[in-house]
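Please look at the sequence and the model before reading the points below.

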Amino acid sequence: MDFKVGDVITMKKKHPCGSATWEILRVGADFRLKCTGCGHQVMLPRNKVVSSIGKK
């Protein structure tokens with residue numbers, strides 16, 4: 001899969017705020033993601049992000 005900064009992805013599980021969409025802020029071995037619902041930012045390894053992406 002090809003990811004770019006600024007892309008919005010949908011995860012399988014929802015964030016506690018209720019949103020399941022995340023904006024990509026950094027791409028590399030680790031991803032920095034920002035919740036589109038509350039603005040919370042997390043840093044996750046690439047393999048976890050790829051396996052957690054839900055169907056669109």
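Here a residue is buried under 20% relative accessible area, exposed over 50% and partly exposed in between, with a 1.4 Å probe and protein chains only. At 44% relative accessibility, Cys38 counts as partly exposed. The model is predicted, so local features need pLDDT of at least 70 and side-chain atom pairs count only at pLDDT 80 or more, while totals for chains, interfaces and linings use all residues. Residues are numbered from 1 along each chain as its sequence is written, and side-chain values use heavy atoms, with hydrogens and water left out.

**Sheet**

- Strands (E, at least two residues) and helices (H or I, at least four) are DSSP runs numbered from the N terminus, and two strands pair if DSSP finds at least two bridges between them.
- The sheet is open and holds 4 strands in the order β1-β2-β3-β4, with antiparallel pairing.
- β1 (8-10) and β4 are the edge strands, each pairing on one side only.
- On average, neighbouring strands of this sheet are turned by 40 degrees against each other, direction ignored; strand axes are lines fitted to C-alpha atoms, as are helix axes, there over the stretch in contact, and angles between N-to-C directions run from 0 to 180 degrees.

**Strand pairs**

- β1 and β2 (residues 21-26) run antiparallel and are joined by 3 bridges; Ile9 has Trp22 in β2 as its bridge partner.
- β2 pairs with β3 in the antiparallel sense over 4 bridges, and these two strands form a hairpin with 3 residues between them.
- Across this pair, Glu23 stands opposite Lys34 in β3, and Arg26 stands opposite Arg32 in β3.
- β3 (residues 30-35) and β4 pair in the antiparallel sense over 5 bridges; Arg32 has Met43 in β4 as its bridge partner.
- The hairpin of β3 and β4 has 5 residues between the strands, and Gly39 there takes a positive phi near 90 degrees.
- The covered face of β3 carries Phe31, Leu33 and Cys35, and the uncovered face carries Asp30, Arg32 and Lys34.

**Cysteines**

- A disulfide is a pair of cysteine sulfur atoms within 2.5 Å, and by this rule the count comes to 0.
- Cys38 is in no disulfide, and the nearest cysteine sulfur, that of Cys35, is 3.9 Å away.
- Cys35 is buried, with a relative accessible area of 1%.

**Largest pocket**

- On a 1 Å grid over the protein atoms alone, a pocket is an open set of points where a 1.4 Å probe fits, with protein on both sides within 12 Å along at least five of seven lines; lining residues have an atom within 4 Å of a point.
- The largest pocket holds about 190 Å³ of space, a volume being the space filled by probe spheres set on the points, which are joined across faces, edges and corners.
- Its lining residues include Met11, His15, Pro16, Trp22, Leu33, Val42, Lys48 and Ser52.
- β4 (41-45) and α1 (46-52) each supply at least two residues of this lining.
- The lining divides into 6 nonpolar, 2 polar and 4 charged residues; Ala, Val, Leu, Ile, Met, Phe, Trp, Tyr, Cys and Pro count as nonpolar, Asp, Glu, Lys and Arg as charged, and the others, Gly among them, as polar.
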